[in-house]
Amino acid sequence: MMIEIAEVMSRDEARLCRERLAGAGWRDGRLSAGEVAARVKSNDQLPDVDPVAADLTALVLERVGASPHFIAAALPLRIVPPRFNRYRGGGAYGPHIDNAVFAIPGQTEVVRSDLSATLFLSEPDEYDGGELVLGGERVKLPAGHLILYPSGAVHNVEPVTRGERLAAFFWVQSMVRDAQQRAMLFELDETIQTLRAAGSDDAPVTRLIGLYHNLLRAWADV
Ligand code: NI
């Protein structure tokens with residue numbers, strides 16, 4: 001299941017990111033792929049040590065952390081610092097499954113990838129192709145919107161045949177490893193938010209919130 005998180009970043013902010021990324025020190029993305037993935041990967045990636053990457057990584061982490069929908073959907077425990085990629089000139093990423101475990105530079109802790117995230121930085125009309133494809137769904141979002149999807153599902157990025165597609169991407173280890181449990185918590189959370197917005201009676205809503213937290217307590221692996 002893919003979950004769209006709208007407006008993690010404003011369109012203006014995404015444009016500023018594109019402007020900064022235009023002058024960054026891009027490298028062949030195959031250098032950072034595993035042996036098998038490298039055979040199907042054809043894009044550019046920004047090295048973690050690039051000063052532009054460091055700035056924008058901090059910005060993306062801040063915006064993602066401030067998004068209630070992202071937090072509710074992902075229930076993040078650990079996040080691999082966001083990286084940046086660029087597809088153009090027919091660049092694509094063929095069908096693959098993401099690595100299971102990622103190291104965080106400078107830290108001993110590792111991150112199990114339960115969820116993959118792509119934050120679109122280019123506007124959809126700036127390029128042709130470049131859809132993220134997973135389980136028959138094809139995703140191409142406005143700049144500043146994010147898609148969350150299971151890291152263990154086969155996915156690909158279609159060739160970009162015009163313009164360029166810039167994006168930030170990262171992996172999340174969720175407090176709730178089981179995707180079905182996580183999905184039920186998300187649905188319960190959204191239902192509670194809807195009831196609160198509709199001004200529903202406080203006492204039943206408070207009981208539902210209690211139920212949410214007790215389920216999270218039972219299922220969270222922290
Ligand atoms: Ni992938």
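Q: Which residues coordinate the nickel ion?
A: Happy to start there. In this predicted model, the nickel ion is held by H96 (NE2), D98 (OD) and H155 (NE2), at 2.1 Å. Along the chain, these donors follow the spacing H-x1-D-x56-H.

Q: Where in the chain do D98 and H155 lie?
A: They link distant parts of the chain, 57 residues apart. D98 sits in the loop between β7 (92-96) and β8 (101-103), while H155 belongs to strand β15 (residues 155-157).

Q: Are D98 and H155 buried or exposed?
A: The cut-off to keep in mind is that buried means under 20% relative accessible area. D98 has 13% relative accessibility, so it counts as buried. H155 is buried too, with a relative accessible area of 3%.

Q: How should I read the nonpolar core, and which residues have the most contacts inside the largest one?
A: The general idea is that, in soluble globular proteins, nonpolar side chains tend to be buried together. Here the largest nonpolar core has 32 residues, and those with the most contacts inside it are L21, F70, F84, L121, L146 and L148. Among the elements that each supply at least two residues of this core are β1 (3-5), α1 (11-22), α4 (68-74) and β14 (146-150). Its largest share, five residues, comes from α3.

Q: What is L121 in contact with?
A: Leaving aside neighbours within four places in sequence, the contacts of L121 include M9, C17, L21, F84, A143 and L166. There is also a second, separate core of 16 residues, which includes A38, Y87, Y93 and V160.

Q: How many bridges join β14 to β1 and to β10?
A: β1 and β14 pair in the antiparallel sense over three bridges, with E4 opposite I147. β10 and β14 also run antiparallel, joined by five bridges; S116 has Y149 as its bridge partner. Four of the five residues of β14 are buried, so this strand is largely enclosed by the rest of the structure.

Q: Which residues of helix α6 are buried, and why do they lie on the same side?
A: An α-helix has 3.6 residues a turn, so residues three or four places apart point the same way. Helix α6 (residues 202-219) has 18 residues and spans 26 Å from its first C-alpha to its last, close to the 26 Å expected. Its buried residues include V205, Y212 and L216. They cover an arc of only 30 degrees around the axis, which puts them on the same side of α6.

Q: What do the buried residues of α6 pack against, and which residues are exposed on the other side?
A: The buried residues pack against α5 (179-197). On the other side of α6, T206, R207, R217 and A218 are exposed.

Conventions
Residues are numbered from 1 along each chain as its sequence is written. This is a predicted model: local features need pLDDT of at least 70, side-chain atom pairs count only at pLDDT 80 or more; totals for chains, interfaces and linings use all residues. Side-chain values use heavy atoms; hydrogens and water are left out. Donors are N, O and S atoms within 2.8 Å of the metal (3.2 Å for Na, K and Ca); water is not among the atoms, so sites may look incomplete. Buried means under 20% relative accessible area, exposed over 50%, partly exposed in between (1.4 Å probe, protein chains only). A nonpolar core is a set of buried Ala, Val, Leu, Ile, Met, Phe, Trp, Tyr and Cys residues joined through side-chain atoms within 4.5 Å. Contact means heavy atoms within 4.5 Å. The expected span of a helix is 1.5 Å times one less than its number of residues. The arc is that of the directions from the helix axis to the C-beta atoms. Two strands pair if DSSP finds at least two bridges between them.
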